[in-house]
Amino acid sequence: MANIIKAPSKYIQGKGEIKNIGKHLSKLGRKFLIICSEGTFKRIGQDIKLSFDENMCQYIFNYFNGECSLEEIDRIVEVAKNNSCDVVVAIGGGKAIDTGKAVSQKSDCPVAVVPTIASNDAPCSGLSVVYNNEGVVVKVIFSKRNPDVVLVDSEIIAKAPVRMLVAGMGDALATYFEARASRNSNSKTMAKGNATNTAIMMGKLCFDLLMENGIEAKKSVEKNEVSDALENVLEANILLSGIGFESGGLAAAHAINDGFAYIEQSHGALHGEKVAFGTIVQLILEKVSDEELYKVIDFCIQVGLPVTLADMGITNVVDEEIKKVAEAACVKTQSTKNMPFPVSEMDVYNAIFKADEIGKSRKQ
Ligand SMILES: [Zn+2]
């Protein structure tokens, strides 16, 4: 199998960069279809219009309905067609971004992505997770291209809720460990090849940046301020975590996160929060040193990521439900198969309880 890495064509990150969006995107096409929520339009719509006008770009705005569903994707494809737009610009959280990427794939046109929160690793990847109107995953659309431009305005993210940034750190926390596990098992990544040394190194850098800057970055978002620490964490959460999961590989952490979908009590937990707990469970499965395990758990406690089941909202622990999580994490199509040794449902079940127990004791 070949070594393959895929990534966005251009990544731009800086304070106030939304004001340069027209300059950064003007070469992508003639007419831009900008998808965002009404709230986002109210906050930054004027800056975007001004910048596109200054750069003589034609554009229209269309409000995103909130769910990355097949209906919504088809609706926006029609809007693009009826208005002769030849570039999609998706502004918002993971669902708006995934919708924009899917529209670009279906319309065969370039896409630019502008995340307004840093809660997950959607912006840089070349795939979209599609849900039905009940919020259940129905399919993944793989794009033939990763985004043409990813534009991150750190000032916008500094003003977003701090919980989103922390969840993004949870998603990014898994990157290195999942890449390491899939490399050790020689698994195929979502880039459809083996991981490159570059992707593994990006995963490691992602982890190091979080350890060095995570707590500071959280403090700056609490004050709505941009700092060097925040810039470093944004690079970890958005660029390194995005390329890392797609081209470095996924393993047990994300599969366990998916499994928690079966416990209603955890539905209030964000993707990155559940991935953080999944990372701890993966490390227990791997029997890593106490030093490595405690470093991860203590980091989670310090920034406010879940280390126990109760932290994810599961206050009434039902053995049968945890069994379902473990079962779902171990189905053949799940990335638990990328672990470098066989992992059974019972292993995952036991590791979840062990993680919960260690989490409780580290908190004291
Ligand atoms: Zn993720």
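**Binding-site residues, cores and a helix pair**

Guide: In this predicted model, the residues that an unreviewed UniProt entry lists under "binding site" are Asp121, Asp171, His254 and His271.

Visitor: How do you know that they cluster in space?

Guide: The largest C-alpha distance is 12.0 Å, although they are spread over 151 residues of sequence.

Visitor: Why is Asp171 called buried?

Guide: Buried means under 20% relative accessible area, and Asp171 has 1%, so it is buried. Asp171 belongs to helix H6, residues 162–184.

Visitor: What does Asp171 touch, not counting residues up to four places away in sequence?

Guide: Ser119, Asn120, Asp121, Ser241, His254, His271, Gly272 and Val275.

Visitor: What makes His271 count as partly exposed?

Guide: The term covers values between the 20% limit for buried and the 50% limit for exposed. His271 has 31% relative accessibility, so it counts as partly exposed. Helix H10 (residues 271–285) holds His271. Leaving out residues up to four places away in sequence, His271 touches Asp171, His254 and Asn257.

Visitor: Which residues touch the most other members of the largest nonpolar core?

Guide: Leu165, Phe260, Ile280 and Ile352, out of 89 residues in that core. Helix H8 (residues 228–248) gives the most to this core, with nine residues.

Visitor: Why is this core said to lie between domain 1 and domain 2?

Guide: Because domain 1 (10–157) and domain 2 (160–363) both give residues to this core, it lies between them.

Visitor: Which other core lies apart from it?

Guide: One of 21 residues, including Ile21, Ile34, Phe52 and Leu151.

Visitor: Back to Ile280: what is Ile280 in contact with, leaving aside its neighbours within four places in sequence?

Guide: Ile280 is in contact with Leu293, Val296, Ile297, Cys300, Pro306, Val307 and Ala355. Contact here means heavy atoms within 4.5 Å.

Visitor: How do H7 and H8 pack?

Guide: Two packed helices are described by the angle between their axes and by the distance between those axes. For helix H7 (residues 197–222) and H8, the angle is about 150° and the axes are 7 Å apart.

Visitor: What is the handedness of the crossing of H7 and H8?

Guide: The crossing of H7 and H8 is left-handed. A crossing is left-handed if the near helix is turned anticlockwise from the far one by less than a right angle.

Visitor: Which residues of H7 and H8 meet?

Guide: From H7 they include Met202, Leu205, Leu209 and Asn213. On the H8 side, among them are Val233, Ala236, Leu240 and Ser241. Ser241 is also one of the residues that Asp171 touches.

Definitions and conventions: Residues numbered from 1 in each chain as written. Predicted model: local features only at pLDDT ≥ 70, side-chain atom pairs only at ≥ 80, totals over all residues. Heavy atoms only, no water. Core = buried A, V, L, I, M, F, W, Y, C linked by side-chain atoms within 4.5 Å. Buried < 20%, exposed > 50% of the residue type's maximum accessible area, 1.4 Å probe, protein only. Helix = DSSP H or I, 4+ residues; strand = E, 2+ residues; numbered from the N terminus. Domains from an automatic or database assignment. UniProt positions renumbered as here; feature names shortened; annotations may be inferred. Axes fitted to C-alpha atoms, helices over the stretch in contact; angles between N-to-C directions.
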